[in-house]
Amino acid sequence: MEILHVTAECYPVAKAGGLGDVAGALPKYQNKIGHIAKLVMPMYRTKFLYQNDFDVVHKGDFSMGPYWFNYTIIKEQTNKLGFELYLVDINGLLDREEVYGYDDDSERFTAFQIAVVDWVARWQDKPDIVHVHDHHTGLIPFMMQQCYAYRHLSHIPTVLTIHNAQYQGWMDWDKANYFPAWDMLEWGKLDWQDRINPLASAVKCATRVTTVSYSYLDEMRSNANGLENLFEYERGKCTGILNGIDDIVWNPDTDTYIDDTFNTKNAALGKLANKKLLCEAFNLEVERPLFVFIGRLVHEKAADLLPQAIYDAVYHLEGKMSFLILGSGDPHVEWELANMNMPLAGYYNSKIGYNEKLSHQMYAAADFLLMPSRVEPCGLNQMYAMRYGTIPIVRNTGGLRDTVTDIGEHGGYGIIFNDAKVWDITYSINRALELYAQPKRMKAIRTKIMNLDNSWGNSAQQYINLYSSLQ
Ligand code: ADP
């Protein structure tokens with residue numbers, strides 16, 4: 001089967017979060033099990049572009065409202081990611097260093113989607129499935145069905161995977177003239193509450209919809225940033241397929257980002273060696289248990305609770321632990337976290353920004369990973385942490401619920417709490433300290449979590465089964 005993935009991110013080309021990780025792994029694992037999975041994404045100006053060689057495979061043009069654009073599709077020459085990687089260049093729109101965050105993101109991603117559909121319309125042998133990811137590619141199913149120039153693509157099944165339903169790509173209706181001539185009677189397929197909503201449109205138009213965990217699928221019917229009724233209505237076409245992790249990239253035994261590689265046999269020593277280096281670099285005491293947080297500093301991740309929870313833990317639990325935070329996002333949370341470096345020196349440190357290498361070092365060195373998320377569609381951090389022998393402390397939501405079992409349960413290996421509240425976090429930190437004081441139990445849990453199989457093998461096959469049901 002031939003699958004075309006369309007996405008805004010893909011590791012290592014450009015990554016802002018979990019979508020990048022998934023897009024960099026899923027096609028690779030689908031190819032491994034005998035299919036042809038390709039991926040197309042915008043040609044941002046990231047390091048990957050300059051460090052690799054590409055061939056031009058197509059040039060085209062399209063109009064978007066009053067503007068005329070040329071686009072170029074280039075293909076990475078060696079398939080080094082384990083699949084055919086195509087990049088779409090549109091001068092003036094996609095030629096930026098960052099993936100998101102520009103005022104004209106609506107124009108950028110609309111143009112990207114038009115270029116992709118226009119290109120696919122010219123393929124001699126069409127793909128068997130077009131698989132779109134999140135709202136940045138959510139207009140594609142609509143365009144393939146309702147834009148007159150592309151209606152000959154309407155027989156190709158489309159699958160939408162929702163990695164995060166909080167972001168929907170809303171646009172005002174004046175942008176409707178951006179889309180290639182389309183059947184205006186079908187405006188309802190773009191609309192949600194009087195705006196164009198690309199995510200809602202994809203849910204309506206895609207042949208099937210998947211979310212990245214079973215629990216998140218359930219939760220979306222009561223918490224989906226305004227789309228709850230839509231998910232309730234369309235529940236028949238929605239399925240939960242848990243994300244996996246790329247166990248080639250995320251392997252403590254071969255990870256080139258970490259100083260001391262390790263595996264289940266020498267995890268205690270290996271983790272300690274990494275912890276020593278990290279604690280030295282961040283002025284933390286190596287003897288104390290190390291708690292880390294890695295992620296976007298946003299409301300969904302409950303990053304706003306971290307400052308108070310850390311203060312309370314350090315003062316009320318008598319500074320028996322160290323904290324290290326890596327993240328970026330809400331400027332106020334960034335400011336608060338950075339301002340704690342001085343008063344809590346020796347117990348706490350933070351690095352504001354995005355740093356792939358440091359994130360690997362933290363997964364390798366830490367004893368515990370904090371994930372108090374209010375919303376967590378799947379969450380990859382907890383799975384990476386476990387692969388590196390770091391015990392997850394997570395809130396009971398979405399994919400965290402599906403991948404972590406509390407130590408209070410038979411065979412449990414993580415710490416779970418129910419409410420996104422400071423007290424629940426500090427209580428869980430206290431439970432972690434009790435666990436840390438039992439080295440034998442710590443060791444057994446560490447071995448267990450490092451051996452869990454959260455790799456893509458199973459999930460990649462589940463997607464294939466879904467595609468097959470649509471042929
Ligand atoms: P989300 O996609 O909602 O941000 P996920 O848990 O699915 O959350 O994936 C987050 C990914 O982004 C992980 O690979 C994590 O290590 C990485 N990440 C998040 N913030 C940072 C950061 N500041 N520096 C490095 N990596 C980060």
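Strands here are DSSP runs of E with at least two residues, helices are runs of H or I with at least four residues, and both are numbered from the N terminus. Two strands count as paired if DSSP finds at least two bridges between them. This is a predicted model, in which local features need pLDDT of at least 70, side-chain atom pairs count only at pLDDT 80 or more, and totals for chains, interfaces and linings use all residues. Residues are numbered from 1 along each chain as its sequence is written, and side-chain values use heavy atoms, with hydrogens and water left out.

**The sheet and its helices**

Strand β12 (residues 290–297) runs parallel to β15 and is joined to it by 2 bridges. Here valine 292 stands opposite leucine 369 in β15. Strand β12 also runs parallel to β13, with 8 bridges joining the two. In that pairing, leucine 297 has glycine 329 of β13 as its bridge partner. How many of the 8 residues of β12 are buried? The count is 6, so β12 is mostly covered, where buried means under 20% relative accessible area, exposed over 50%, and partly exposed in between (1.4 Å probe, protein chains only).

Contact means heavy atoms within 4.5 Å.

Threonine 426 has its place in helix α14. This threonine is buried, with a relative accessible area of 13%. Leaving aside residues up to four places away in sequence, threonine 426 touches Ala309, Asp312, Ala313 and Leu317.

**Salt bridges**

A salt bridge is a side-chain nitrogen of Lys or Arg within 4 Å of a carboxyl oxygen of Asp or Glu. By this rule, the count comes to 24 salt bridges.

| Lysine 15 | Aspartate 21 | 2.9 Å |

Lysine 15 and aspartate 21 are both buried. Arginine 108 and aspartate 105 are both buried too, and they lie 3 residues apart in helix α3 (residues 105–120), about one turn of the helix. Arginine 446 lies in helix α15 (residues 439–451) and aspartate 367 in the loop between α11 (356–365) and β15 (368–371), so this pair ties together parts that are 79 residues apart in sequence. Arginine 446 is buried at 13% relative accessible area, and aspartate 367 counts as buried at 5%. Elsewhere, Asp218, Arg221, Glu232 and Arg235 are linked in a network of salt bridges.

**Around the ligand**

Which residues are closest to the ligand? They are Lys15, Gly18, Asp21, Arg296 and Tyr363, among the 20 residues that surround the ligand, each having a heavy atom within 4 Å of it. Aspartate 21 has a polar side-chain atom 2.6 Å from an oxygen atom of the ligand. For tyrosine 363, an N or O atom of the side chain is 2.8 Å from a ligand oxygen atom. Asparagine 381 places a polar side-chain atom 3.0 Å from an oxygen atom of the ligand.

**A buried methionine**

Methionine 43 lies in the loop between β2 (36–42) and α2 (47–51). Is methionine 43 buried or exposed? At 10% relative accessibility, methionine 43 counts as buried. Its contacts, not counting residues up to four places away in sequence, are Leu49, Ile74, Leu87, Val88, Asp89, Leu94 and Asp95. Methionine 43 is 12 residues from aspartate 55 in sequence and 13 Å from it in space, C-alpha to C-alpha.

Definitions and conventions. Polar contact = N/O pair within 3.5 Å; in protein donor to acceptor, adjacent residues only side chain to side chain.
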